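Trainee: Could you walk me through reading a disulfide and a loop residue in a model like this one?
Mentor: Gladly, let us look at it together.

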Amino acid sequence: VQLVESGGGMVQPGGSLTLSCVASGSTFDDGAMGWYRQSPGQPRERVAILHQSGGYMYADSVLGRFTVSTDDAKKSLYLQMSSLKLEDTGVYFCNWVRPIGDSDLRTYWGQGTQVTVSS
């Protein structure tokens, strides 16, 4: 399985952007999937996670501004970002932790897509 992100770019503060992630050769049918980001000089941080059981997790810094979702076919994962701030700048990575069998977990990462918020 390969995760491929798209949708990054440059946007002004207050603007919106939507990131997409496709799992080649599979669908987001189980486990937990979401988005992380890494800013220069900072560790990678968890931004938003969607559990197939129906639960969500958002970082405090993006709560109310970002929304993680999949399409009905679960072929694509999205991160809708609004009211973007300068501090949202970074490389955004798609992540999927997928159950394999009864007791194994496999983690997949995308290559990352750059989001730059700048005036």
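The dialogue below takes up the disulfide and then a serine in a loop.

Mentor: First, the ground rules: this is a predicted model, where local features need pLDDT of at least 70, side-chain atom pairs count only at pLDDT 80 or more, and totals for chains, interfaces and linings use all residues. Residues are numbered from 1 along each chain as its sequence is written, and side-chain values use heavy atoms, leaving out hydrogens and water.

Trainee: How many disulfides does the structure hold?

Mentor: A disulfide is a pair of cysteine sulfur atoms within 2.5 Å. The structure holds one, formed by Cys21 and Cys94 with their sulfur atoms 2.1 Å apart. The pair links distant parts of the chain, 73 residues apart: Cys21 lies in strand E3 (residues 17-24) and Cys94 in strand E9 (residues 90-100). Strands here are DSSP runs (E, at least two residues), numbered from the N terminus.

Trainee: Which hand does the link of Cys21 and Cys94 have?

Mentor: It is left-handed, with -85° about the S-S bond.

Trainee: Is Cys21 buried or exposed?

Mentor: Buried means under 20% relative accessible area, exposed over 50%, and partly exposed in between (1.4 Å probe, protein chains only). Cys21 is buried because its relative accessibility is 0%, and Cys94 is buried at 0% too.

Trainee: Where is Ser39 placed?

Mentor: Ser39 sits in the loop between strand E4 (32-38) and strand E5 (45-51). With a relative accessible area of 17%, Ser39 is buried.

Trainee: Which residues does Ser39 touch?

Mentor: Contact means heavy atoms within 4.5 Å. Not counting residues up to four places away in sequence, Ser39 touches Thr89 and Gly90. A polar atom of the Ser39 side chain lies 2.9 Å from the backbone oxygen of Thr89.

Key
Helices (H or I, at least four residues) and strands (E, at least two) are DSSP runs, numbered from the N terminus. A polar contact is a pair of N or O atoms within 3.5 Å; within protein, one must be able to donate a hydrogen and the other to accept it, and residues adjacent in sequence count only if both atoms are side-chain atoms.
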